[in-house]
Amino acid sequence: MNVTKFTDATGIARVAKVQDNQLAPLKLTTPFGSLAGLLAAENPIAAIDSLETDTPVPIDDSIRWLPPIDTQEVWAAGVTYKRSQTARMEESEAAASCYDQVYNADRPELFFKATPHRVSGHNQPLRIRADATWNVPEPEVTLVLSPAMKIVGLTVGNDMSSRDIEGENPLYLPQAKCYNQCAGLGPWITLFDTLPPSDQIGIDLKIDRSGEIVFDQQTSAGQMARTFDDLVQWLARDNTFPSGAFLMTGTGIVPTTEFTLLPGDIVNITIDGIGTLSNTIVQG
């Protein structure tokens, strides 16, 4: 089951389930008065099915999508793929040993990524920093976590990164990662009773520039050096999330040093079993 948020014709934000290429707006009621409330249910799929729906809305180019997030925090994991380890070592000679060590360490790299107002949904713009010269998207399987830190679903994530800022000094990571329109989530959350095996979750990144595909690469979550459950249990250590959380699980696709995003680029990230998140790049 897929669940999302969008703005209806009256300008009101609605939560909807996706079925038969339509959005079926949910009539939210206590205790399921929000998307976060539904995700916190013991069985989110059953909770959604228990609600009545309004008149379905066809999915077409007129849909004004919103990121499928309420008040949750967005966190991210780094250096979970071999390719990511190599790229991070290339961008910063001073920090190369740190990235090499964390790839093999018990404790993963986890960092705060975004508050909800910094998150863009499907077909909304993502930003490259005005003070950066080397900017890349990072396509990531993103875990949707309940307040009990249970993985209730997956969504498509884009962990935008200013690699020149991070490469200059690893202490600049927060500035390279967290800023306005720095994270993409959507187009919806795919809820699972049982998650598919990671090697069945393919990840595809395509970047369109003026009608031409200038970057096209694929990987699989099966290439991760860590499991989803391992990342979640580390995030939950001495940490509580009253509204739940989103956890981006790292990227196995990293453009080469010669590539940087430009304003007007369209980033398309497809994850098997979930969908495609598309965002146009802007610059402040």
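Helices (H or I, at least four residues) and strands (E, at least two) are DSSP runs, numbered from the N terminus. On that basis proline 187 is found in strand β14 (residues 183-191), and a cis peptide bond with omega of about 0° joins glycine 186 to this proline. The structure is a predicted model, in which local features need pLDDT of at least 70 and side-chain atom pairs count only at pLDDT 80 or more, while totals for chains, interfaces and linings use all residues. Residues are numbered from 1 along each chain as its sequence is written, and side-chain values use heavy atoms, with hydrogens and water left out.

**Backbone geometry**

- Most residues other than glycine have a negative phi, and most peptide bonds are trans.
- The peptide bond from threonine 30 to proline 31 is cis, with omega near 5°; proline 31 is found in the loop between β3 (22-25) and α1 (35-39).
- Valine 79 has a positive phi, near 55°, although this residue is not a glycine. Valine 79 lies in the loop between β6 (73-78) and α3 (82-91).
- Valine 79 is buried, with a relative accessible area of 1%. Buried means under 20% relative accessible area, exposed over 50%, and partly exposed in between (1.4 Å probe, protein chains only).
- Asparagine 123 also has a positive phi, of about 70°, and is found in the loop between β8 (119-120) and β9 (126-128). Asparagine 123 is exposed, with a relative accessible area of 51%.

**Cysteines**

- A disulfide is a pair of cysteine sulfur atoms within 2.5 Å; by this rule the count comes to zero.
- Cysteine 178 is in no disulfide, the nearest cysteine sulfur being that of cysteine 182, 4.9 Å away. That distance is too far for a bond.
- Cysteine 182 is buried, with a relative accessible area of 0%.

- In helix α7 (residues 228-235), the residues Phe228, Leu231, Val232, Trp234 and Leu235 are buried. They lie on the same side of α7, because they cover an arc of only 165° around the axis, taken from the directions from the helix axis to the C-beta atoms.
- The buried residues of α7 pack against β6, β7 (109-114), β11 (139-145), β12 (151-159) and β17 (245-248), where contact means heavy atoms within 4.5 Å.
- Threonine 249 lies in the loop between β17 and β18 and counts as buried at 0% relative accessibility.
- Not counting residues up to four places away in sequence, threonine 249 touches Ala77, Thr80, Tyr81, Glu140, Val141, Leu143, Met224, Phe228 and Leu231.

**The five-stranded sheet**

- Five strands form an open sheet with mixed pairing, in the order β9-β19-β18-β15-β16. Two strands pair if DSSP finds at least two bridges between them.
- β9 and β16 (212-220) stand at the edges with a single partner strand each, so one side of each is left without a neighbour in the sheet.
- Strand β15 (residues 202-209) pairs with β16 in the antiparallel sense over eight bridges. Arginine 209 stands opposite glutamate 212 in β16, and aspartate 204 stands opposite glutamine 218 in β16.
- β15 and β16 form a hairpin with two residues between them, and serine 210 in the turn has a positive phi of about 55°.
- β15 and strand β18 (residues 266-271) pair in the antiparallel sense over six bridges, with leucine 205 opposite isoleucine 269 in β18.
- Six of the eight residues of β15 are buried, and the strand is thus mostly covered.

**Salt bridges**

- A salt bridge is a side-chain nitrogen of Lys or Arg within 4 Å of a carboxyl oxygen of Asp or Glu; a search of the whole structure finds 13.
- Arginine 14 and aspartate 54 meet in a salt bridge (2.7 Å, N to O). The pair links distant parts of the chain, 40 residues apart: arginine 14 is in strand β2 (residues 13-19) and aspartate 54 in the loop between α2 (44-49) and β4 (57-58).
- Arginine 14 counts as buried at 18% relative accessibility, whereas aspartate 54 is partly exposed at 28%.
- Lysine 27 forms a salt bridge with glutamate 52, the closest N and O atoms being 3.8 Å apart. Lysine 27 lies in the loop between β3 and α1 and glutamate 52 in the loop between α2 and β4, so the pair ties together parts 25 residues apart in sequence.
- Arg14, Lys27, Glu52 and Asp54 are linked in a network of salt bridges.
- Lysine 206 forms a salt bridge with aspartate 204, with the closest N and O atoms 2.8 Å apart. Lysine 206 counts as partly exposed at 28% relative accessibility, whereas aspartate 204 is buried at 15%.
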